[in-house]
Amino acid sequence: MSTRIAFLKGHGTENDFVIVPDPENAIELAPATVAALCDRRAGIGGDGVLHVVRSAAHPEARAMAAEAEWFMDYRNGDGSVAEMCGNGVRVFARYLQHAGHVAEGDLTIATRGGVKSVHLAKNGDVTVGMGRARLPEGDVTVSVDERSWPARNVNMGNPHAVAFVADLAHAGNLFTPPPVGPADAYPDGVNVEFAVDRGPRHVAMRVHERGSGETRSCGTGACAVAVAAARRDGTDPAVTGTPVTYTVDVPGGRLVITERPDGEIEMTGPAVIVAEGEIDGAWLESITH
């Protein structure tokens, strides 16, 4: 590992990330390394790490290199690997623009959840094509303390359980994963969203992100909540033939989610780079050895 490693810090609706540019995939990011970087007291602090790698240089992304030059090798704050992160894609795109790799307009980014289409707008917003939601069959229940709610199983390339509640305080502290049943519904863990209504096609949510705890925002979670709300409200675009847009308030800001009749979902929101610097490689070596 080199003596010093470049990093940046960014966030999308306060879902924050340590960004590690590594075009040739030369830096080994072991789970302990990622967890140390994301530690808010002893490290830089973040909900996850955005490892920026050229698709052709990463074994998991080489097959996507013809479609997308850059691969978002995303890691949760505990060091575990994740399929996708919607806010992360927006911040990843903002970094590529910040670094001069791309300009305003359209681009593609490879993720473990597939290739994502992104638009960098002049007003600073970033729109991500999030693909289609899958709605696995079967009843799901979410519990907090003595309360339980039926939940909608939504897969946005990563798994979600969406429960509509009367009060977001009912979600509890969300430091630990809320129990979700049946146990075999999510063999690899799940992101759990608690949502309340704020007005017509306007909801608010809190989320426990798998591997990170409660976060200030979750892009795929906001999409899952919008999809669940559309089914609940009878506004499923596949049925009505009309696109539907939900405003989703998260603790860190606001996201706008549109689902089209063909099932494609777009998420629009801000993405900000707030700092850049260098990581002491010797410090990381001391943690991982």
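1. Let me begin with Glu24, which is exposed at a relative accessible area of 55%. Please keep in mind throughout that this is a predicted model. Glu24 forms a salt bridge with Arg54, with an N to O distance of 3.8 Å. This pair links distant parts of the chain, since Glu24 sits in the loop between strand 2 and helix 1 while Arg54 is in strand 3, 30 residues apart.

2. Arg54 itself is partly exposed, with a relative accessible area of 27%. Arg54 also forms a salt bridge with Glu69, and here the closest N and O atoms are 2.2 Å apart. Glu69 lies in the loop between strand 3 and strand 4 (70–76), 15 residues from Arg54. Like Arg54, Glu69 is partly exposed, at 46%.

3. How many salt bridges are there in the model? The count comes to 19. One of them joins the side chains of Arg40 and Asp16 at 2.7 Å, N to O. Arg40 lies in the loop between helix 1 (31–38) and strand 3 (48–54), and Asp16 is in strand 2 (residues 15–21), so the bridge ties together parts that are 24 residues apart in sequence. Asp16 is buried, with 10% relative accessibility. Both residues belong to a network of salt bridges that also takes in Lys9 and Asp47.

4. Next, have a look at Arg206 in strand 13 (residues 202–209). Is this arginine, Arg206, buried or exposed? Arg206 counts as buried, at 15% relative accessibility. Its side chain reaches the backbone oxygen of Gly172 at 2.8 Å, and a polar contact of 2.8 Å joins the side chains of Arg206 and Glu214. Leaving aside residues up to four places away in sequence, Arg206 touches several others, including Leu168, Asn173, Val192, Phe194 and Pro251.

5. Finally, the cysteines: the count of disulfides is zero. Cys38 is in no disulfide, and the nearest cysteine sulfur, that of Cys85, is 11 Å away. Cys38 is buried, at 6% relative accessibility.

Notes:
Residues numbered from 1 in each chain as written. Predicted model: local features only at pLDDT ≥ 70, side-chain atom pairs only at ≥ 80, totals over all residues. Heavy atoms only, no water. Disulfide = S-S within 2.5 Å. Buried < 20%, exposed > 50% of the residue type's maximum accessible area, 1.4 Å probe, protein only. Helix = DSSP H or I, 4+ residues; strand = E, 2+ residues; numbered from the N terminus. Polar contact = N/O pair within 3.5 Å; in protein donor to acceptor, adjacent residues only side chain to side chain. Contact = heavy atoms within 4.5 Å. Salt bridge = Lys/Arg side-chain N within 4 Å of Asp/Glu carboxyl O.
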